[in-house]
Number of protein chains: 4
Amino acid sequence: MIVIMQPGATDQQIDRVIERIEGLSLAAHVSRGQFRTIIGAIGDKQPGHQQVLESLEGVERVVPIMKPYKLASREFHPASTEVKVGSATIGPGAVTVIAGPCAVEDRDMLGRISRAVRQHGAVMLRGGAFKARTSPYDFQGLGEEGLKMLREAGDELSMPVVSEVLAAADVELVSGYVDMLQIGARNMQNFQLLKAVGECRKPVLLKRGFAATIREYLMSAEYILSRGNRNVVLCERGIKTFETELRFTFDVSAVPVIKADSHLPIIVDPSHTAGDRQFVTSLALAGIAAGADGVIVEVHDRPGDALCDGPQALLPDAFAEMVRQIAAVAGALGRELASIEK
Amino acid sequence: MIVIMQPGATDQQIDRVIERIEGLSLAAHVSRGQFRTIIGAIGDKQPGHQQVLESLEGVERVVPIMKPYKLASREFHPASTEVKVGSATIGPGAVTVIAGPCAVEDRDMLGRISRAVRQHGAVMLRGGAFKARTSPYDFQGLGEEGLKMLREAGDELSMPVVSEVLAAADVELVSGYVDMLQIGARNMQNFQLLKAVGECRKPVLLKRGFAATIREYLMSAEYILSRGNRNVVLCERGIKTFETELRFTFDVSAVPVIKADSHLPIIVDPSHTAGDRQFVTSLALAGIAAGADGVIVEVHDRPGDALCDGPQALLPDAFAEMVRQIAAVAGALGRELASIEK
Amino acid sequence: MIVIMQPGATDQQIDRVIERIEGLSLAAHVSRGQFRTIIGAIGDKQPGHQQVLESLEGVERVVPIMKPYKLASREFHPASTEVKVGSATIGPGAVTVIAGPCAVEDRDMLGRISRAVRQHGAVMLRGGAFKARTSPYDFQGLGEEGLKMLREAGDELSMPVVSEVLAAADVELVSGYVDMLQIGARNMQNFQLLKAVGECRKPVLLKRGFAATIREYLMSAEYILSRGNRNVVLCERGIKTFETELRFTFDVSAVPVIKADSHLPIIVDPSHTAGDRQFVTSLALAGIAAGADGVIVEVHDRPGDALCDGPQALLPDAFAEMVRQIAAVAGALGRELASIEK
Amino acid sequence: MIVIMQPGATDQQIDRVIERIEGLSLAAHVSRGQFRTIIGAIGDKQPGHQQVLESLEGVERVVPIMKPYKLASREFHPASTEVKVGSATIGPGAVTVIAGPCAVEDRDMLGRISRAVRQHGAVMLRGGAFKARTSPYDFQGLGEEGLKMLREAGDELSMPVVSEVLAAADVELVSGYVDMLQIGARNMQNFQLLKAVGECRKPVLLKRGFAATIREYLMSAEYILSRGNRNVVLCERGIKTFETELRFTFDVSAVPVIKADSHLPIIVDPSHTAGDRQFVTSLALAGIAAGADGVIVEVHDRPGDALCDGPQALLPDAFAEMVRQIAAVAGALGRELASIEK
């Protein structure tokens with residue numbers, strides 16, 4: 001850390017900062033410039049040290065040198081991580097397609113849609129059973145009954161399944177049915193939930209909060225990693241900005257920035273970003289071209305009857321066409337579509 | 001709702017929309033313009049109707065006429081709500097000052113700080129026991145032990161206390177100690193938690209998520225209200241924008257906009273917004289001048305030793321001066337400081 | 001337009017709105033619902049009508065049905081526009097690569113860099129002579145001397161050239177040297193300048209303002225088109241958001257959204273978006289995969305000596321590799337690199 | 001500046017950075033930590049030095065210590081500046097009210113409105129003659145004819161007048177009529193215009209761009225100051241964020257943050273921020289309570305007939321009430337309304 005003193009900081013204030021740095025078992029290197037004194041704090045920094053120094057009088061600001069996450073950082077883990085989810089793999093080299101309906105509505109629709117996405121190239125099945133809905137009056141999901149249907153559909157087609165878990169108290173229940181636990185964007189800083197999935201050993205799909213900086217996002221991954229679960233997959237799904245033509249702004253730069261900073265795989269969710277099926281394929285292709293390890297998309301064969309998010313669901317034919325284009329772009333960049341392991 | 005068809009929408013697509021509107025037990029009023037057909041859907045709209053219509057082919061967009069919240073809306077509840085929290089009241093006419101340390105650290109510091117804020121004009125005591133921290137390596141709070149200390153400190157000074165609850169599973173525990181449950185910004189869309197506090201009868205302080213629109217914020221209040229708990233107080237505490245001089249951007253306009261739209265009381269939290277004690281008083285005064293029903297601020301007498309958020313804590317003297325200024329501004333606008341009921 | 005009245009609007013207020021609509025030579029269609037009255041205003045809407053109606057008492061809001069731009073809209077001009085810039089073309093089917101240094105510094109560096117980009121696939125040359133710099137103390141460009149050098153370099157290599165014009169008063173001067181006038185992001189709503197280039201007949205590269213919605217952006221294009229200059233090329237170059245890892249957030253969704261709304265070509269500028277050469281190629285590929293008609297990038301062979309924006313300049317080898325990858329992705333999606341017409 | 005090297009930076013890269021720092025006539029202080037090497041660059045930094053160092057290989061980032069503006073900074077000019085505009089003064093101690101119509105429409109309306117605002121407490125008159133409108137089809141102002149009317153109205157009531165100038169070429173013309181030149185938000189980074197008003201000696205009202213950070217805003221003030229014009233008044237008028245209930249988000253924190261950083265006066269414009277007269281007074285009061293030196297607001301007596309921005313114009317009675325409340329809040333904080341000098 002580097003402590004930048006205010007222009008008029010007194011010697012007494014400077015001494016107090018030095019004393020406090022040494023009290024934290026760090027070494028203080030003082031450098032007096034024409035306008036300001038700068039003090040380097042060198043050694044084994046602990047969480048909270050920055051705020052302690054910022055609280056002192058005469059301090060203008062404190063500049064951290066190290067990133068605040070360690071386990072998520074590529075600096076201490078240079079090789080890219082590959083996460084296995086049942087027969088599927090997410091990570092370097094291949095592009096993994098995950099698809100399915102927004103919510104599990106009933107056995108029949110789930111069967112139709114899961115067969116369609118399997119046929120057209122998906123290697124994992126998604127489907128919501130516990131839904132996080134902005135309105136208390138919207139469909140909240142089938143709960144455990146939905147998880148059972150999802151498990152059956154996955155087993156029938158040999159596809160691993162992923163579904164969202166909304167609360168720490170539900171982690172055990174949901175883990176009993178799925179191959180991968182999803183943490184939704186609204187729960188990215190639900191730290192109780194992060195700790196709970198960190199103590200579980202199922203792979204986790206951690207979506208980026210729509211107001212989270214990349215740094216905050218990787219800190220949330222660090223919560224899970226620090227509890228011992230190393231199977232974390234990240235997912236860019238749009239951020240809130242002043243531009244409102246689509247539901248969210250697709251921060252495609254997050255893909256290469258996170259790839260540079262972290263060894264964790266990252267996929268993209270163009271469906272929730274766009275909120276409109278017309279734009280899903282373009283965003284999916286942009287994500288893959290930028291280096292994403294896969295996509296997760298919503299598909300419905302009768303979107304006018306969908307109980308949630310019908311406007312953003314791809315029809316099966318459009319999904320098939322999107323997968324063909326993803327395969328072509330991946331191929332152009334020396335990667336290929338992940339297939340289901342036999 | 002008003003359905004706006006695409007320019008080239010076919011008669012068949014228009015008929016399908018009309019049929020679907022009628023299937024939802026609504027009446028369809030068709031109006032054919034030079035470039036587009038517009039279809040009004042009149043009657044008792046249900047959640048989810050908008051997405052159903054948006055999913056249909058040929059539909060450009062659907063414009064809702066009614067706000068999606070009812071219980072939170074001033075339209076159906078014109079009088080401003082007053083929320084009683086033990087001996088304190090939050091609502092029209094008075095300005096309520098809530099203060100205390102960021103986190104309960106130990107009995108001694110809590111005693112010192114609570115006496116100071118009580119003496120200088122606070123009528124409620126705040127203090128965190130379960131802390132939501134961005135980093136897994138930061139101090140996470142004393143848990144139940146902290147709640148006990150907070151309760152004791154409040155009882156000793158006859159001040160109602162408020163503390164954050166992080167998970168639905170903890171609502172019962174925390175309710176046993178506090179007079180008001182706080183939902184933090186990061187949990188504003190933790191719908192499980194909202195439902196749990198909605199079923200409890202303790203007053204709730206619901207902070208605005210830092211990426212939540214006012215509409216989404218009021219939908220979260222609606223979650224609590226719809227479960228039967230009508231004692232909800234809102235709190236503006238800053239939103240994420242491109243401006244980073246302060247930790248968050250203080251959306252002071254949220255105060256009058258919410259006052260116009262909703263009957264619920266709203267206070268402001270200048271400490272978390274600013275992240276720097278130097279700016280807390282200015283923001284507090286701005287909030288009160290804009291019509292807020294109170295403030296919640298953090299105070300510490302030794303911020304360099306604070307276990308969390310030391311840089312934003314006011315020293316007791318600065319707190320006293322802030323309360324004096326708040327009283328003056330409130331007085332200028334025909335309001336007064338809330339005092340503790342005898 | 002649709003006028004939505006407030007819940008308690010009086011008959012008198014409603015009558016006043018109807019009267020005002022008819023005074024604007026529009027027809028008023030009134031529809032009284034349970035909670036609100038809605039009034040459709042049908043006919044030939046003029047600019048300013050919306051604000052007139054919003055100003056009336058009892059009006060809650062006015063929802064426009066038509067987009068506010070006509071000449072830029074695909075609704076009235078379904079075929080995609082192709083813009084010719086000397087021997088180069090920007091528009092459907094091909095991917096146009098424009099490259100060069102941030103600023104023209106001297107004849108020697110410009111020669112080296114322009115030969116390098118020409119050799120590796122650029123078909124147009126960029127270079128700044130009038131620079132818009134955030135600081136008054138930064139290098140402001142060589143002015144007309146720089147334009148002369150740029151013209152010479154372009155002529156020598158048979159490459160059309162593009163350079164920025166900063167003020168209406170300079171349009172004639174700059175037009176004398178370049179094949180395409182660039183309007184920078186900070187001038188996207190400098191309406192005097194838009195009018196001036198609209199009256200000129202040189203093609204215009206109009207960059208998106210970093211706080212402009214897509215709608216505002218197309219309104220700026222409309223300014224140019226409405227003065228008679230139909231050769232407008234759009235360019236996404238990043239928007240301001242809370243995410244600050246890169247200089248701007250690359251709004252890649254703007255590409256397909258604008259393609260759906262407008263017939264104008266759109267390219268991307270990954271250099272200014274990223275501000276860091278490490279991420280330029282990923283963003284360029286994302287833009288092309290999302291459907292952009294080309295890229296404009298900055299190249300420098302000695303970035304440590306560059307007088308502006310050295311950190312974002314690609315080295316010639318990295319540029320060559322980027323063009324190879326762009327060609328591969330374009331090919332995968334049925335498009336090809338634009339080449340120089342013989 | 002402090003140069004932070006990448007974790008794996010080589011000795012050769014470090015040497016190259018040191019050499020470059022010394023080549024810029026600065027001293028290099030090297031500090032090797034466990035994970036990274038840090039190099040301080042001490043001495044007389046010049047514009048552009050930061051980018052030069054960032055361009056070098058092995059550099060992770062460069063942290064500037066000094067703010068990039070000098071003339072606008074309170075660090076080198078501790079006393080608050082007072083700007084005289086004819087008989088009015090803007091600066092410490094008093095609260096200056098500027099009011100008038102959005103646009104000068106005709107002599108009659110201007111007379112009515114200027115008399116009303118004068119009577120109710122305004123000490124300066126505003127009115128647009130050259131209008132920056134988002135749409136090319138909107139009313140663009142009366143031009144010089146409007147300036148003449150504004151001058152006459154001001155003279156008749158002994159009120160100094162302020163009006164916007166849109167282009168460097170118009171500075172001389174507009175200066176001939178007004179007492180203060182306004183630079184609108186869309187032109188805050190129109191550097192040609194900033195230079196032109198910097199060379200003029202009329203006071204300048206520089207509005208904050210709606211996507212400008214406070215730092216960028218002060219850099220734009222620096223442009224004007226560095227050309228010799230020291231009479232700059234700043235104005236917060238809202239920024240673009242994801243929240244769209246009002247036209248812009250009122251960044252009231254900009255007031256105290258700028259007061260801490262700069263000696264220049266700052267006022268607020270609640271009319272353009274809100275875009276809706278219902279919220280103008282609350283925002284004005286918030287701005288004054290936060291420390292603003294004044295307000296500029298739009299007033300119209302027949303907003304339904306206004307040629308621009310009718311929805312945000314206060315009626316004269318509401319204006320009078322707002323001024324009364326501003327006076328009360330100012331009084332509560334030890335300040336008073338500025339009055340017209342006799």
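**Disulfides and symmetry in a predicted model**

In this predicted model, Cys102(C) and Cys308(C) are joined by a disulfide, with an S to S distance of 2.4 Å.

Reader: Why is the pair Cys102(C) and Cys308(C) called a disulfide?

Author: The two sulfur atoms lie 2.4 Å apart, and a pair of cysteine sulfur atoms within 2.5 Å counts as a disulfide, so Cys102(C) and Cys308(C) qualify. The pair links distant parts of chain C, with Cys102(C) in the loop between β7 (94–100) and α3 (107–119) and Cys308(C) in the loop between β14 (294–298) and α11 (316–332), 206 residues apart.

Reader: What makes the disulfide of Cys102(B) and Cys308(B) left-handed?

Author: The torsion about its S-S bond is about -100 degrees, and the disulfide is therefore left-handed.

Reader: How do you know that Cys235(B) is too far from the closest cysteine sulfur for a bond?

Author: The closest cysteine sulfur, in Cys102(B), is 14 Å from the sulfur of Cys235(B), whereas the cut-off for a disulfide is 2.5 Å, so this distance is too far for a bond.

Reader: Why does Cys235(B) count as buried?

Author: Its relative accessibility is 0%, and buried means under 20%, so Cys235(B) falls in that class.

Reader: How do you know that chains A and B are related as by a two-fold rotation axis?

Author: Chain A is superposed on chain B by a rotation of 180 degrees with 0.0 Å of shift along its axis, at an RMSD of 0.0 Å, and the two copies are thus related as by a two-fold rotation axis.

How values were computed. Residues are numbered from 1 along each chain as its sequence is written. Chains are lettered from A and ligands numbered from 1 in the order in which they are written. This is a predicted model: local features need pLDDT of at least 70, side-chain atom pairs count only at pLDDT 80 or more; totals for chains, interfaces and linings use all residues. Side-chain values use heavy atoms; hydrogens and water are left out. Copies are superposed by least squares on the C-alpha atoms of residues with pLDDT of at least 70 in both. Helices (H or I, at least four residues) and strands (E, at least two) are DSSP runs, numbered from the N terminus. Buried means under 20% relative accessible area, exposed over 50%, partly exposed in between (1.4 Å probe, protein chains only).
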